[in-house]
Amino acid sequence: MKKVLLAGIWMCSMLSLAGLPVIARGESVTLQLRWLHQFQFAGYYMAQEKGFYSDAGLEVSLLEGGPQAQRPIDDVLSGQVDFAVTGSGVVIERMAGQPVVALAAIMQTSPIVWITRADAGIRSPRDLLGRRVMVLPPPESAELLTVFLREGLPLDALELVPTSYQLDDLIEGRVDAFDGYISNEPYALEQQGVDYFLIDPRDYGINFYNDVLVTSEALTERNPGLVQRFTDASLRGWEYALSHQEETIALIQQQYAPEKSLEHLRYEADIIHQLVMPELIQVGHMNPHRWQFIADSYRELGMTEGDGTLEGFLFEPLQRVDYRIAVLVALASLCLLVVGGFFLVRFKQLSSALQDSNKRLEVLATTDMLTAVSNRHGFFTQARQALSQARRSGEPVSLLMLDIDLFKNINDQYGHAAGDSALRAFGEQLTELGREHDVVGRLGGEEFAMLLVDCDGQRARQVAERLLQKVGSLSIEVPDRDHRFGFTTSVGLVEVDDSLEVEGALEAAQSLADRALYQAKHLGRNRVEIAATGIGMP
């Protein structure tokens, strides 16, 4: 089979010798990056450094972004640049009739989050109502604003402030929330000793693409071959960058971002790797159905008046067949038969893998990537269903609100990786303790919740006490150090009884359990406190 394949490749090469078009050399194109040089654009740097662009017959100029490049889509549509990197809000532009075309989605899930100071007590979108909130120019902040609309909160209740791009505005209290990247600003805050809280759209069921490579419809029509070569070379660069992170980090610091430390770039690289998910899905993959879901979400929430059609939005290279000489047709047919037969089985395998990947992406929308328990959106969705079913069957239900005691101290003393290990271990304990019909979720940061079905207050307290013992016996290894540490947890408990209205019962129970949790903290931590309502509790 190998000899046959080589013969087929040889015949294909003869086609170019017989007169088929060859790639032109040295075509100049420009790529507008979304922000300042950093690991966020690693794939494009490595495509340049490793010669992937030059192999594709391209001379690429990488234009640094920043405050002066607030709307890269405008630069593409005006013809000032050939390609650009932008966010999922680009689909809003397309639905508005702008001839922009998506080529690849580098991040399968978005890094954009609201960042607040921990001492401000802002932990949810509702807490931001009436507050000063910094946002990027539209459509760059579209998915963050979608969180409010999805939660039924009016955008006009926010005081939206154009971003200054200065994190000091958050640190010094001039704004209450900052529009930032989970891969960047948290590191800077940790270095300055500022405790913070993240409001992540993924916790509210908003799991959109990000860092989307785009171009103009005019360029795809005028030169689809160039567009395809640029896209392929860029994705090849991303694959290299993600599999050679240390080499890539060193290059970025030496040639592009000397002001960033190696530690900062490593932090960013680790987060970006998780968001691109190269082990799960092909780099740059775009699912048309997922794009349609994103478009429908924006439209249904009133963020665009477009009709929702995405025809022509995703790039499809034109196929051209050369009929000039009969012998070339015969050679081409034979080439396709040989090579096509070889790849047929592989194509079927990839199709099956793609279906599996799409199913996994659906799971990712409701799952916390770090701990593997449900995220905020997934928890509340499942918990409402479980509560409704329990009400119909007359089963008691209890809610536990939990978090890790003094979690900031773990990060400060042992590092972010140790904090992640603690969160994973805590999630594992909750999962092991919960039964099949219980619901476990991470609501954000170190805060978790458990909905215990067919479990009254007294039994729920026993579960919580067992959890305290299990967590207290944990020994977490500090990465890259010959040291281990332990931690404790505090628990707030409430039985979701019939005195709580069916509509909003879960939210009311959460509020009660939260108060009990804070009481447990106030009384010394590592303890269970019970809310002042509920049936069958002492």
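Predicted model: local features only at pLDDT ≥ 70, side-chain atom pairs only at ≥ 80, totals over all residues.
Me: How many helices and strands does the protein chain have?
Reply: Helices (H or I, at least four residues) and strands (E, at least two) are DSSP runs, numbered from the N terminus. Here the protein chain has 19 helices and 17 strands.

Me: And what share of the residues counts as buried?
Reply: Buried means under 20% relative accessible area, exposed over 50%, and partly exposed in between (1.4 Å probe, protein chains only). Of the 538 residues of the protein chain, 53% fall in the buried class.

Me: Which residues of helix H16 are buried?
Reply: In H16 (residues 407-414) they are Phe407, Ile410, Asn411 and Tyr414. They sit on the same side of H16, because they cover an arc of only 100° around the axis; that arc is taken from the directions from the helix axis to the C-beta atoms.

Me: What do the buried residues of H16 pack against?
Reply: Contact means heavy atoms within 4.5 Å. The partners are strand E11 (397-404), helix H17 (416-433) and strand E15 (484-485).

Me: How do I read aromatic pairs?
Reply: A pair of aromatic rings is described by the distance of the centres and the angle of the planes. Rings of Phe, Tyr and Trp (its six-membered ring) pair if their centres lie within 6.5 Å; planes under 30 degrees apart count as stacked, over 60 as edge-to-face and the rest as tilted. By this rule there are 16 aromatic pairs. Take tyrosine 44 and tryptophan 238: the centres are 6.0 Å apart and the planes at 85°, so this pair is edge-to-face. Tyrosine 44 lies in helix H2 (residues 42-49) and tryptophan 238 in helix H10 (residues 224-243), so the pair ties together parts 194 residues apart in sequence. Both tyrosine 44 and tryptophan 238 are buried.

Me: Is the pair of tyrosine 53 and phenylalanine 230 stacked or edge-to-face?
Reply: Stacked, because the ring centres are 5.3 Å apart and the planes are at 5°. Tyrosine 53 belongs to helix H3 (residues 52-55) and phenylalanine 230 to H10, 177 residues away. Tyr53, Phe83 and Phe230 form one aromatic cluster.

Me: Which residues are closest to the centre of the largest pocket?
Reply: A pocket is found on a 1 Å grid over the protein atoms alone, as an open set of points where a 1.4 Å probe fits, with protein on both sides within 12 Å along at least five of seven lines; lining residues have an atom within 4 Å of a point. The largest one has a volume of about 1300 Å³. Of its 47 lining residues, Tyr196, Phe407, Arg442, Gly445 and Glu446 are closest to the centre.

Me: What about phi: where does a positive value turn up in a residue other than glycine?
Reply: Most residues other than glycine have a negative phi. Alanine 372 has phi near 70°; this alanine is in the loop between helix H14 (326-364) and helix H15 (376-393). Alanine 372 is exposed, with a relative accessible area of 63%. Asparagine 526 has a positive phi of about 55°, and asparagine 526 is partly exposed at 38%.

Technical notes: Residues numbered from 1 in each chain as written. Heavy atoms only, no water. Points joined across faces, edges and corners; volume = space filled by probe spheres on them.
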